[in-house]
Amino acid sequence: MDQQIRVLVVDDDEPHAEAVAESLERVGYECVVANSGREGLRLIEEQSFDIIVTDLIMDGVGGLEVLGKAKRELPDSEVVILTGHSTIKTAVTAMQAGATTYLTKPLDISELRTVADKVSQTQRLARSNLELQRQLNERFGFEGVIGNSPSMHTVVARLRQIAPTSATVLITGESGTGKELVAKALHNNSPRRYKPFVPLNCAALSDNILESELFGHVRGAFTGADRERKGWFEHANGGTLFLDEVGDIPLSTQVKLLRAIESGEIVKVGTNEPLKVNVRLISATNRDLTEAITAGSFRQDLYHRLKVVSVKLSPLRQRREDIPLLIEFFLKEFTTSHGKTVTSITPATRKALMSHPWPGNVRELKNTIESMVVIDYDGILDIDDLTEEIQASATITGEATGGGQVSLVGRSLEQIEKYYIAETLKMTNGNREDAAKLLGIGERTLYRKLKEYEIA
């Protein structure tokens with residue numbers, strides 16, 4: 001096996017446990033044996049395992065308790081239940097509680113190995129995806145927050161610092177810059193990752209509904225409140241509450257939000273009884289809250305409570321170095337999700353995408369790439385696959401036709417080639433890998449051309 005899978009065998013029948021472990025060790029698994037359910041619980045607390053094979057019926061602590069402990073402590077592990085024919089109904093209950101499968105005794109060793117191999121494939125795929133994400137994060141970003149520009153390097157470094165904490169975070173940036181993605185990345189890399197991430201768009205709710213959505217209400221609190229309802233603070237208990245467009249919260253609700261942050265308690269609409277909550281609050285806005293404070297529409301004390309730590313996302317037009325990387329990322333995502341095959345993007349199309357001002361930022365780019373993939377019919381993304389708006393923008397700037405500020409009519413092909421290589425390098429801030437993609441040539445070819453034309 002290229003990646004050894006660790007297996008915990010839990011069974012109070014010691015000879016049987018050893019036989020199960022030995023049969024798996026012979027085909028390359030690393031096995032640890034626990035001869036009681038209680039010992040199994042201890043090992044799950046102290047060590048990490050990919051697969052847990054546990055007997056269902058044991059003295060003291062049984063297999064269902066081992067399963068529950070595994071799901072809490074090692075949520076990525078796979079649990080296989082061993083059971084006798086008389087307890088198959090209980091084994092089905094274990095499946096409903098999160099077990100991967102169950103095997104009946106007397107155990108068929110070949111069946112055990114087949115199940116272990118199938119489960120280990122899932123584990124290897126998960127490991128592979130984690131390793132791929134780690135490599136991507138090391139080079140370009142942080143849990144899907146992707147960028148190769150100096151501003152994004154700064155953002156990623158800041159996210160790595162604040163993710164492990166419970167600090168309140170305010171994310172600012174234009175619409176479409178990826179504020180919710182940043183919030184999710186912070187949650188997924190925090191100690192709260194196994195608890196809920198609850199997003200709420202404050203701008204999408206009317207003033208009288210927002211308070212109930214945040215804090216909940218009791219039955220009879222207002223007309224139509226025919227039953228008690230949990231608010232999003234309560235839903236997010238132990239996890240993270242993400243308030244998008246927090247600048248649109250009305251002043252009356254701002255007071256109650258400030259009180260909830262300061263006290264760690266909420267009060268449902270229609271009651272005076274406080275309820276303790278443990279929530280990390282991350283908020284986002286595309287508005288300038290300092291201007292809102294001056295205008296009297298946002299509380300200064302709430303602003304400072306929300307902005308314990310701040311993260312600012314630059315618009316895409318100010319970090320064009322990220323566009324080629326994002327194009328490749330979205331291209332892989334949508335060719336997979338839509339079952340399409342795209343072999344290449346023409347240089348003129350890449351150039352048009354690079355030159356577009358992207359008023360909708362990353363969201364607009366993502367939607368554009370998805371649209372191009374969906375309507376493409378020949379496996380090559382070309383100018384005709386672009387949206388009409390981007391085609392028009394490319395025509396105006398001369399990108400689609402190869403025109404520009406400098407007239408190249410009457411010049412030699414070598415001069416034209418040298419000019420375009422130099423201009424493309426400027427566009428990518430000297431990034432040769434991105435320049436080669438835009439020009440539609442290999443990196444080796446680009447290096448040779450740079451040397452040939454003496455382009456620094």
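## Overall architecture

Of the contacts in the protein with a separation of 6 or more, 68% are accounted for by residues 24 or more positions apart. The structure is a predicted model, and its secondary structure comes to 19 helices and 18 strands. With a radius of gyration of 28 Å, well over the 23 Å that the globule rule gives for 456 residues, the protein is more spread out than a compact globule. Along the principal axes, the C-alpha atoms fill a box of roughly 90 × 65 × 35 Å.

Among the 456 residues, 46% count as buried, while the accessible surface comes to about 23,100 Å², with 49% of that area belonging to carbon and sulfur atoms.

## Nonpolar cores

The largest nonpolar core holds 27 residues, and the members that touch the most others are L214, F233, L241, L243, L257 and F298. At least two residues of this core are supplied by each of β9 (197-201), α8 (207-215), β12 (240-244), α10 (251-263), α11 (289-295) and α12 (300-306), and the largest share, 4 residues, comes from α10.

For F298, once its neighbours within four places in sequence are left aside, the residues in contact are V246, G247, L251, Q254, L289, A292, I293, Y303 and L306. A second, separate core, made up of 25 residues, includes L326, F330, V342 and V362.

E328 lies in helix α13, which covers residues 323-337. Because its relative accessibility is 18%, under the 20% cut-off, E328 counts as buried. The side chain of E328 is joined to that of R350 by a polar contact of 2.7 Å; when residues up to four places away in sequence are not counted, E328 touches R350 and K437.

## Confidence of the prediction

The mean pLDDT of the protein is 85, and 90% of its residues reach 70 or more. Among the elements, strand β8 (residues 169-172) has the highest mean pLDDT, at 97, whereas strand β6 (residues 141-142) has the lowest, at 59.

The pLDDT is below 50 over residues 135-140, a stretch that has 15 contacts in the model beyond near neighbours in sequence. Over residues 399-407 the pLDDT is likewise below 50, and this stretch has 13 contacts in the model beyond near neighbours in sequence. Where pLDDT is low, predicted coordinates should not be read in detail.

Notes: Residues are numbered from 1 along each chain as its sequence is written. This is a predicted model: local features need pLDDT of at least 70, side-chain atom pairs count only at pLDDT 80 or more; totals for chains, interfaces and linings use all residues. Side-chain values use heavy atoms; hydrogens and water are left out. A nonpolar core is a set of buried Ala, Val, Leu, Ile, Met, Phe, Trp, Tyr and Cys residues joined through side-chain atoms within 4.5 Å. Buried means under 20% relative accessible area, exposed over 50%, partly exposed in between (1.4 Å probe, protein chains only). Contact means heavy atoms within 4.5 Å. A polar contact is a pair of N or O atoms within 3.5 Å; within protein, one must be able to donate a hydrogen and the other to accept it, and residues adjacent in sequence count only if both atoms are side-chain atoms. The radius of gyration is taken over C-alpha atoms; the globule rule is 2.2 Å times the number of residues to the power 0.38. Accessible areas come from the Shrake-Rupley method with a 1.4 Å probe; for residues, only the protein chains shown count as cover. pLDDT is the predictor's confidence in each residue, from 0 to 100.
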